[in-house]
Amino acid sequence: MSKLDKVAASDMVALDRIAEKPSREEAEDAVRTLIRWSGDNPSREGLLGTPSRFVRAWEEFFAGYEEDPVDVLQRTFQETGGYDEMVVLRDIQFFSHCEHHIVPIVGKVHVGYLPENRVVGISKLARVVDIFARRMQIQEKLTAEIATTINQVMKPKGVGVLIEAQHQCMTTRGVQKSEVSMVTSHMLGSFRDDSKMRSEFLSLLGNPNSRLTT
Ligand SMILES: [Zn+2]
């Protein structure tokens, strides 16, 4: 089983669980339990509205489960009109949550691809990043999901995704290293097989030496 198959299989497990989605009331009760677990009183005035606000915030944080990134790309591609150079979109800001601690991951995604016959509006690539980011994630999986989806739907000659991010589970708890950022990359097609192509992508990002890790 390839790495990509594993990603797809774990997504299917997640979708299975949505069939048993608890009610809003149950979710709010769970928040009250966590407040009590923290040592505070969910009935005091300042915390009374917190469970419903918390649950509404989670609806935004995890809206990506309701959306299909394949759909976003499929509906919007255009013919290239002869353009056959690399397209790079850099510094797409994202906000996600690590699936181990459910605390924020904040960073930037850089996407490059070499079109075959299709290009897509830049806002659509940013939407794809956003949809995957609004799920519980690890950075490695997020990187692979974005690259694989672009590769499968747009069928470019090559695609590269590079993510730099700070994980608040490292900066605010545990080892508490505030300056640490993590860099991951996923290269497919010509970006993987052709080192010149990969270098061009990384040089377009500005500072390839500090960004290339894998
Ligand atoms: Zn974490």
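**Figure 1. Helices H5 and H6 lie oblique to each other.** The structure is a predicted model, in which local features need pLDDT of at least 70 and side-chain atom pairs count only at pLDDT 80 or more, whereas totals for chains, interfaces and linings use all residues. Residues are numbered from 1 along each chain as its sequence is written. The two axes, of H5 and H6, come within 10 Å and cross at roughly 140 degrees; angles under 35 degrees count as roughly parallel, over 145 as roughly antiparallel, 65 to 115 as roughly perpendicular and the rest as oblique. Axes are lines fitted to C-alpha atoms, for helices over the stretch in contact, with angles from 0 to 180 degrees between N-to-C directions. Helices (H or I, at least four residues) and strands (E, at least two) are DSSP runs, numbered from the N terminus.

**Figure 2. Contact of H5 with H6.** Val128, Val129, Phe132 and Ala133 of H5 meet Leu142, Glu145, Ile146 and Thr149 of H6 (contact: C-beta atoms, placed from the backbone, within 7 Å).

**Figure 3. Buried residues of H5.** Leu125, Val128, Val129, Asp130, Ile131, Phe132 and Ala133 are buried (20 or more other C-beta atoms within 10 Å of the residue's own; exposed, 12 or fewer; partly exposed, in between; C-beta atoms placed from the backbone). Their cover includes helix H4 (69–74), strands E2 (87–98), E3 (104–114) and E5 (136–137), and H6.

Figure 4. Asn151 counts as partly exposed because it has 19 C-beta neighbours inside 10 Å. Not counting residues up to four places away in sequence, Asn151 touches Pro156, Val159, Leu188 and Gly189.

Note on methods. Two residues are in contact if their C-beta atoms, placed from the backbone, lie within 7 Å.
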